[in-house]
Amino acid sequence: MLQLFCALPCEAKPIIAAYQLKNILQHPFQVYEKDKLRVVVTGLGKLAMAAAVAYVYGRLALPASTANLNVGIAGHYDAPRGAAVLINKIIDNATEKSMYPVRVFSYAGTTGLLETRDKPCDEYQPAVYYDMEASAYFLTATRFSPAELVHCFKVVSDNNDQSAEQIDKNLVASLISDSLPQIDELIHPLLGLQQQLAEIEQMPQELTVLLTQWKFSHYQR
């Protein structure tokens, strides 16, 4: 299973439509699912994101082999609207903590540094992307799944020439919709990695036979 976490409904809407996902949960978070994909609408900010990630893992009793991708918008100094980036480093502005997603698959697109802030950013530094959720997403998801299965994909929505005040839900949905090919490019390798880890985690058949035929203490098992 690959989970896509989106802060805003307008970020999730194009993905839900493209993959024909069905609503399976409405409260406390909107969750959509079909086959091996799940989209979770978390709400804005670090607290909402962390709560959603932890809730879904607990509510659905998910294994460590669950893959995750945070999809959303971000600001940048001079990158044009619609530019997509796979994040290779996350900095939390409040705590100054740095986090590093571990990419073990090929990706031909742009990669970059993301800074998570508690409030919208209107002072952009060169070569830095800005959002309000990624650090909480990464810290929470990596408590349950390895960093190789926790990634973050952002689409530029604002910059020095096009402020965040100009953003509306229709623009956001359009930006995510235009980035669906890049999102799909990430879905397949992440699902492949998820399947590999799931197979490694499976209990060997020989062990099941041994535990059935002989009695062991809890420590011996």
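What percentage of the 221 residues in the protein is buried? I found that buried residues make up 46% of the 221, where buried means under 20% relative accessible area with a 1.4 Å probe and protein chains only.

I noted that this is a predicted model, in which local features need pLDDT of at least 70 and side-chain atom pairs count only at pLDDT 80 or more, while totals for chains, interfaces and linings use all residues. Residues are numbered from 1 along each chain as its sequence is written, and side-chain values use heavy atoms, with hydrogens and water left out.

I then looked up the elements, and the protein has 6 helices and 10 strands (DSSP runs numbered from the N terminus, H or I of at least four residues for helices and E of at least two for strands). Along its principal axes, the C-alpha trace spans about 70 × 35 × 35 Å.

Next I turned to helix α1 (residues 9-18) and helix α4 (residues 169-178), whose axes come within 8 Å and cross at roughly 40°; axes are lines fitted to C-alpha atoms over the stretch in contact, and angles run from 0 to 180 degrees between N-to-C directions. The two helices are therefore oblique to each other, the class left once angles under 35 degrees (roughly parallel), over 145 (roughly antiparallel) and 65 to 115 (roughly perpendicular) are set aside.

Finally I listed the contacts (heavy atoms within 4.5 Å): Cys10, Glu11, Pro14 and Ile15 in α1 meet Lys169, Val172, Ala173, Ile176 and Ser177 in α4.

Conventions
Buried means under 20% relative accessible area, exposed over 50%, partly exposed in between (1.4 Å probe, protein chains only).
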